[in-house]
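My notes are below, in the order I made them.

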Amino acid sequence: MENVALALIPYPKYITCRQEMLAIMPIMEICDPMFARPAKAFAGYAQRLVGVRFTEGRGASVVLRVDPDMQSGEYSLRVQTARVVLCAADAQGMQYALATLGQLMRVVDGRVSVPVCEVRDLPDCEHRCVMIDLARNWHPFDYLLSYVDLCWFYKVSRLHLHFTDDQSFTFPTDAYPKLRTENRCYSKEALIALDTYAKERGVLLV
């Protein structure tokens with residue numbers, strides 16, 4: 001394969017690519033139950049990114065396989081003659097593989113297409129974090145969900161939320177209710193929902 005630059009963030013350690021696109025059917029084959037959650041998250045993002053929802057079924061053109069020889073977080077993506085094969089040793093690696101597939105997908109002549117390429121990557125460090133200061137600059141709850149989305153898309157493993165400081169106290173507390181800043185405090189239910197949303201996408205809240 002010739003090397004053609006692709007718009008991938010972060011850029012993988014190994015990539016080869018041709019100036020050729022492969023149209024794929026939005027059907028996935030999930031070869032291990034641990035990949036069900038990453039596949040579900042990807043299906044939602046695919047619908048938002050290219051307007052097509054991926055489902056599980058026969059005649060799959062996207063195959064999710066286990067490779068026990070890989071390290072945690074490592075993945076490979078190979079676009080073959082008629083399908084895309086993603087391999088990882090764990091769910092975290094598959095999240096990263098599917099995020100890469102999400103970045104590669106385009107709609108060409110009304111069909112979801114990806115470049116004919118091979119990608120292999122492994123994070124240099126486990127802790128890759130972005131910090132949002134909610135005490136000094138409060139954000140509506142929907143913004144927090146969008147930060148999780150960005151972490152998934154760009155393979156950021158942790159989202160650090162800074163809830164309290166001199167400026168405001170945005171973390172819910174029953175023990176000291178007077179600490180809460182009026183109109184700038186999240187509810188317990190909201191943070192539980194945020195944590196669930198993040199876990200489904202392989203993002204750890206700090």
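**Entry 1: ground rules**

I am working with a predicted model, so local features need pLDDT of at least 70 and side-chain atom pairs count only at pLDDT 80 or more, while totals for chains, interfaces and linings use all residues. Residues are numbered from 1 along each chain as its sequence is written, and side-chain values use heavy atoms, with hydrogens and water left out.

**Entry 2: the chain as a whole**

I looked up the secondary structure and found four helices and eleven strands in the chain. Helices (H or I, at least four residues) and strands (E, at least two) are DSSP runs, numbered from the N terminus. The C-alpha atoms fill a box of roughly 65 × 30 × 30 Å along the principal axes. Of the 206 residues, 46% are buried; buried means under 20% relative accessible area, exposed over 50%, and partly exposed in between, with a 1.4 Å probe and protein chains only. I also checked contacts (heavy atoms within 4.5 Å): among those between residues at least 6 apart in sequence, 66% join residues at least 24 apart.

**Entry 3: rings**

How many aromatic pairs does the structure hold? I get seven. Rings of Phe, Tyr and Trp (its six-membered ring) pair if their centres lie within 6.5 Å; planes under 30 degrees apart count as stacked, over 60 as edge-to-face and the rest as tilted. Trp-152 and Phe-153 have ring centres 6.4 Å apart and planes at 35 degrees, so I log this pair as tilted. Both of these residues are buried. Phe-163 and Phe-171 make an edge-to-face pair, with 5.2 Å centre to centre and 70 degrees between the planes. In that pair Phe-163 is buried at 13% relative accessible area, whereas Phe-171 is partly exposed at 38%. I also noted one aromatic cluster, formed by Tyr-45, Trp-152, Phe-153 and Tyr-154.

Next I looked for charges over rings, where NZ of Lys or CZ of Arg must be within 6 Å of the ring centre and within 35 degrees of the ring normal. The charged end of Arg-120 sits over the ring of Tyr-14, 4.0 Å from its centre. Arg-201 lies over the face of Tyr-197, at 3.6 Å from the ring centre.

**Entry 4: pockets and the cavity**

Rolling a probe the size of a water molecule over the atoms shows where empty space is left. My search used a 1 Å grid over the protein atoms alone: a cavity is a set of points where a 1.4 Å probe fits but cannot get out, a pocket is an open set with protein on both sides within 12 Å along at least five of seven lines, and lining residues have an atom within 4 Å of a point. Grid points are joined across faces, edges and corners, and a volume is the space filled by probe spheres set on the points.

The largest pocket holds about 190 Å³ of space. It has 13 lining residues, and Ser-72, Gln-92, Tyr-96, Glu-126 and Arg-128 are the closest to its centre. I sorted this lining into five nonpolar, five polar and three charged residues. Ala, Val, Leu, Ile, Met, Phe, Trp, Tyr, Cys and Pro count as nonpolar, Asp, Glu, Lys and Arg as charged, and the others, Gly among them, as polar.

The second largest pocket has a volume of about 160 Å³. Its lining has seven nonpolar, one polar and five charged residues.

I found one cavity of 30 Å³ or more. Its lining is Gln-95, Tyr-96, Cys-151, Trp-152, Lys-155, Val-156, Arg-201 and Val-203. Helix H2 (91-104) and H3 are the elements that give two or more residues to this lining.

Lys-155 is in the loop between helix H3 (141-153) and strand S10 (158-162). Is Lys-155 buried or exposed? I read buried, at 6% relative accessible area.

Arg-201 is in the loop between helix H4 (188-199) and strand S11 (204-205). Arg-201 is buried too, with a relative accessible area of 12%. Leaving aside neighbours within four places in sequence, I find Arg-201 in contact with Ala-41, Tyr-45, Gln-95, Val-148, Asp-149 and Trp-152.
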